[in-house]
Amino acid sequence: MSTSIQVLGEERPFFHLRTATTSVVLRVGPFGHLEQLWWGAPLGGEGEGWPSADELAALWHPVSEDFAQTTHYSTTSDSSFALAKTPLAWATLGKGDPRVPGLRVREHQVLDATYVRHEVRPGLVPAPGLPRLGSEERSETLVVTLADRVAGLEVDLFWTTFPLSGVLTRRTVVRNTGAAALTLEHVASLVLDLAEPDVDVLTLDGHWLSEAHGTRRPVGLQQVVNSTTLGTSSDRHNPGFLLPARGASETHGECWGVNLAYSGSHWSSIQGDSGGMVRVVAGLNPDGFAWSLAPGEQFCAPEAVLAHSSSGLNGVSASFHRFVDDCVVPAHWRRRERPVVLNNWEGTYFDFDADVLVQMAERAAELGVETFVLDDGWFGERHDDQRALGDWHVNTDKLPGGLGALAERIAEHGLAFGLWVEPEAISPNSDLFRAHPDWAITTPGRTPSQGRHELLLDLTRPDVRDHLVETLGSLFDSAPISFVKWDFNRAISDADEAGFHHRYVLGLYDVLGRVFGPRPEILLENCSSGGSRFDLGMLTFGPQVWASDCTDPAERLAIQHGLSLLYPPSTISAHASDSPNHQTDRVFDLAFRCDVALPYVFGIELDPRAMSEQDTRLLTERIAWYREHRAVLQFGASRRTDHPANLPQLARVGDEHAIAFAYATYVRPRQPSPRLVIPLGGQRVGLSWPFAAREDETLPGAAARAGILRSGRQHDTSAEVVHGRRLREQ
Ligand code: GLA
C-alpha cells in the first residue's frame, strides 16, 4: 500500500483516506456539497487493494425519509436531494440544513459552499502560526476547495493521514475572494456527520485539583457542547472527547475520538439528529470570536485530530498515544526517556535558600533522582504569591552567586537543574508593571480583575512578545538549565476585543517557538495550575504536562485515567508527595503514592530531608525500579481494563516486558471478593482481594512466570504491581 489517499472519478470525485485503523470516505454530492460517506473501520487494506467507486457509492444510504418541513435543495433537477438528510463534511446555514454549521459570516446569513477543486500533497501542510505537527511515513494531505461565489469566499478543507498511528487530522482555511471585507464569527476546524446514531459522548471535565474526570452520557437527540471561554484549553473541559458506541467498553466495541491541537478557548458540539446521524463540529469557541478578513486575506483554524477503533476505548487511545509520541511532541523528545525529577514546591513552598536546596538535592541524589527543579520563589521580591511576576532576575539574597552557582552546586551531586517560570503573568506589584503598566491586558475605563493576584501580559503585542523572548532566552542561557516548568495560573479576563483569545494564543505560540525552537534540548514541562492547559497544542512545544496540582493518589487515579484516554503516559507528569496530602489532608502510605505515579513520568514533590529511614529505602528502591523500566512505563502500549470503579487496573506493554498495576481504593465490606483481570501482553493474570501478603505467591495459569514485585496496604487503599516477561501469544 503505497498511498493513503485514493481519489476516484473526476466530475464528482470520491476521496478515500485510509490509515491502519480507519477509513474516511468523502464524495462530491449532486450539487457540489462535500458529503461524508464513511468514518469507521478501514475499507479494503493490505493485500485487498482499494474498494471501487461502486463499492464506495454503496456506503451511502439515504438516512431518512422526508419530514414535512424538509427543504429540497433544488426543485428543478433533483427534487429529493435535501441537505438536512445528507451526511456532510462541511455545512453552513441558510439552504435547509438545520444542524450546527461550520462557518458563520456576519455579512451573510445564507452561505453555500460547493466543490471547485482538490489536490493531494505529500506529507502534511502546516498551518502558519499554529502548532507544528510531524508527519508519518506515507502521510498525505487532501485539500478540497469549496467556493461560495455569492458571498465571495473559498474554504479549503485539509485532511492529513497518519497511516501508522491511524490518526487523521482535519483543518479549515477560509479565504476572502470577493471585493468586500468579511467578518468571520465562527470557523470550525472539523464538521462531519457520523452515520451512527447510538453513540455516547465521553468528555473530560473537572476543575482545579480535580481535572479530567470522564463523564459519559448518550447523545440521543440532544446537542452536547464541550467548551470553554477561559482562554485556556482549561481544567473545566479538555478539548478532546470520545464517542463510544452504546455498550462499547475499554476493551470492546466501536469508538471514535476527536481532539484539537489548540490551547485556547475551544468549542465542540455533538448533536444527535432525527435523521439518524450525529453531527460533530469542533474548533475555536465562537463566543467572543470575530475576525475581519479583507479581500485576499485568509484565516486558518487549528488542526482537529481524529481516531477510530473497533476495539474499544483502548484502541482509540492507542492511536492517539502513538500519534502524540511520534508526531506531536518536539522532535528532540520523541521517544526520549524523561528524567526523574524532584520538584521543591511542596517540600519548601517559598521558604528556601541555596543551602536548603542543595541539601535537598544531595538527599535526592541518594534516592536516585536525576533532575532538581526549582519552583516558584527564586526571583525578584517573590516571597509569596502576591508579587514580582515579571521580574525574572534571580534573588541573590536567597541564592548568592545566582542560578549558575546553584546549578553548579547541584551538579556536584550529579543532578541536572530545572527552573519554574510563569512568563505570561505580571504582578501589579512588580518592577515590570511599574515600568510598563500598559503591557497588561486591560479594557479602557475598567479596573482589570486579578486572578491569584496576577494580571496577564498582552501577548498580542509584538513588543511584549519580543521582551519575553529576550528575557527568557538570556535567563535560560545564563545557567545550565535542562528543564523548564512553564506555568500559567489564571484565565484571561478584561479583553474587550472580539477574537482576542485567539490572537493571544497565536502570540503565545510565537513566544514558545522563538524561546524553545533554538533550545530544543530543554525539557519543557507545561503547567497551568496543574492541568489547565493539557492539550495537543502545548505538547508540540514541550513533551510533558504537570497533570494536576493535586497529588492525592486516589484523586490522581481518576485524573490520570481520564487523561490516558487521549494522551500517552510519556506526557503525564506524576509525583509522589508527602502524607498527609497537602491538598486533601488524606493519609496514604508511600508505596501507594508511588505506585499511582509510576506508570507515568515519575517524580517526587516533597522534602527528602524529612523522610523516615524506611520511606527512604522504599523510595530508593522504587526509583531504581522506575529507571530500569521507564522505557516501557513511559512508551509501552497502554491498556486499561473494564473494572469496577474502585479497582482501577492498567498496564504498559513493551516488546519484551509488560507491567500491570492494580489499585484498590475502597472495597465494600462483606462483598464478594472482586476479581482483577490484568491484561499482560495477551495473557491474563487473575488476582483476588486482598492483595496484601501475596508477595511470594506464584501467579496462576499462563502468567506463572510473572512475579508480584511488591504490594502495600494502608487503610483501604492498596496497589499491586505485576511485572512480567511477556509470554508469547499461544
Ligand atoms: C502553580 C503550579 C504549582 C506550583 C505553583 C507555584 O500552582 O501548578 O505546581 O508551581 O504554581 O506558585
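## The ligand and its shell

Ala, Val, Leu, Ile, Met, Phe, Trp, Tyr, Cys and Pro count here as nonpolar, Asp, Glu, Lys and Arg as charged, and the others, Gly among them, as polar. With those classes in hand, the shell around the ligand has six charged, four nonpolar and three polar residues. This is a predicted model, in which local features need pLDDT of at least 70 and side-chain atom pairs count only at pLDDT 80 or more, while totals for chains, interfaces and linings use all residues. Residues are numbered from 1 along each chain as its sequence is written, and side-chain values use heavy atoms, with hydrogens and water left out.

Who sits around the ligand? In total 13 residues surround it, and the closest are D375, D376, R452, K485 and D549; a residue counts as near if one of its heavy atoms lies within 4 Å of the molecule.

## Polar contacts and cover

An N or O atom in the side chain of D487 lies 2.9 Å from an oxygen atom of the ligand. For W420, the distance from a side-chain N or O atom to a ligand oxygen is 3.0 Å, and for N489 it is 3.5 Å. On its own the ligand has 310 Å² of accessible area, and the protein covers 96% of that (areas by the Shrake-Rupley method with a 1.4 Å probe).

## Helices α10 and α11

Two packed helices are described by the angle between their axes and the distance between the axes. Helix α10 (residues 553–564) and helix α11 (residues 590–597) have axes that come within 9 Å and cross at roughly 10°. The two are therefore roughly parallel to each other, a label for angles under 35 degrees.

On the α10 side, the contact (heavy atoms within 4.5 Å) is made by P553, A554, R556, L557 and Q560, and on the α11 side by F592, R593 and V596. These residues divide into five nonpolar, two charged and one polar.

## Backbone details in loops

The peptide bond from S579 to P580 is cis, with omega near 0°. You will find P580 in the loop between β29 (572–577) and α11; helices (H or I, at least four residues) and strands (E, at least two) are DSSP runs, numbered from the N terminus.

L209, although not a glycine, has a positive phi of about 75°, and belongs to the loop between β11 (200–207) and β12 (210–218).

Note on methods:
Axes fitted to C-alpha atoms, helices over the stretch in contact; angles between N-to-C directions. Parallel < 35°, antiparallel > 145°, perpendicular 65-115°, else oblique. Polar contact = N/O pair within 3.5 Å; in protein donor to acceptor, adjacent residues only side chain to side chain.
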